[in-house]
Amino acid sequence: MRAAGAVVPLGLTLSLCCLHPRCTESAAFPKGCYPSEEEGLKTFRCSNARLTEVPRDIPNDTNKLYLDSNRIPFLPRDAFRELPLLLELDLSHNAIASVESGAFRGLAEHLRSLDLSSNKLVSVSKDAFSNLQAKVNLSDNPWLCDCRLQELIRTVELAAGSSAGIVCGSSAQEEHVGKAFLQVIADTDLCNVYKKTTDVAMLVTMFGWFAMVISYLVYYVRQNQEDARRHLEYLKSLPSKQRRSEESSTISTVV
Ligand SMILES: *[C@@H]1O[C@H](CO)[C@@H](O)[C@H](O)[C@H]1NC(C)=O
Ligand SMILES: *[C@@H]1O[C@H](CO)[C@@H](O)[C@H](O)[C@H]1NC(C)=O
């Protein structure tokens, strides 16, 4: 009797729930996602939902979006275009290895927090973050420490206390690997190193051209000296010929 009594209210709540508009609405949400209201902000949680891409059909009035702990490998252009009221975006603990430029387009004015920590980011163009006002967490990624990362770090505003977590996973300079990136660029301007190497390359090329021009000139002058010498010899041989021809003319007049 007691067991039957427990079953009835459960069935009743289930049927009541499905009459509720929020319940029928949730069927349209991406699998593993659910909406809530937190501190007056419309929140949409898709944490741990085995997502392999940014889901469509996220309510367009969402203020906080949690996509953390999924398997999203990359962020395409306009990935969040339909979410003009987004304030906070958590993409941490995914497999994001590339971010297309324009991925965060449409979020420039409102977004205040962007978490990209614990992903697989190696190199991202600063264009991907252009105009973004948000505080960004880029820690715990296998960053390639180069000029591109330096430009990126100078473009974005890092989340407070998150900068120590940006560590070089690889670098042209072996001694930078494993070091905090901000420490590396405090000592070395990676963009200037790059500029220096291009300068050196330019200098070498210019010197090469210069050497070629000089050697051609030397060759040309030598060749001409030879010609000049031959010409001089020819000129020297001329007077005698002329003399001979004069002699022959006198002879002819005599005749
Ligand atoms: C959300 O989409 C609906 C229907 O397309 C539209 O009427 C509404 O203005 C949109 N809201 C926002 C905040 O863009
Ligand atoms: C940034 O991300 C790291 C790694 O996930 C985390 O430990 C840290 O608390 C985050 N910092 C901020 C300010 O969000």
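F210 is found in helix 5, which spans residues 190-254, where helices (H or I, at least four residues) and strands (E, at least two) are DSSP runs numbered from the N terminus. F210 is exposed, with a relative accessible area of 54%; exposed means over 50%, buried under 20% and partly exposed in between, with a 1.4 Å probe and protein chains only. The structure is a predicted model, in which local features need pLDDT of at least 70 and side-chain atom pairs count only at pLDDT 80 or more, whereas totals for chains, interfaces and linings use all residues. Residues are numbered from 1 along each chain as its sequence is written, and side-chain values use heavy atoms, with hydrogens and water left out.

Side chains of opposite charge can pair when their charged atoms come close. With a salt bridge defined as a side-chain nitrogen of Lys or Arg within 4 Å of a carboxyl oxygen of Asp or Glu, the count comes to 12 salt bridges. One of these joins D61 and K42, with N to O at 3.7 Å, and the pair links distant parts of the chain, since D61 lies in the loop between strand 2 (41-45) and strand 3 (64-66) while K42 lies in strand 2, 19 residues apart. D61 is partly exposed at 30% relative accessibility, and K42 is partly exposed at 38%.

A salt bridge also forms between K64 and E88, whose closest N and O atoms are 4.0 Å apart; K64 lies in strand 3 and E88 in strand 5 (residues 88-90), so this pair ties together parts that are 24 residues apart in sequence. K64 is buried, at 7% relative accessibility.

Key: Chains are lettered from A and ligands numbered from 1 in the order in which they are written.
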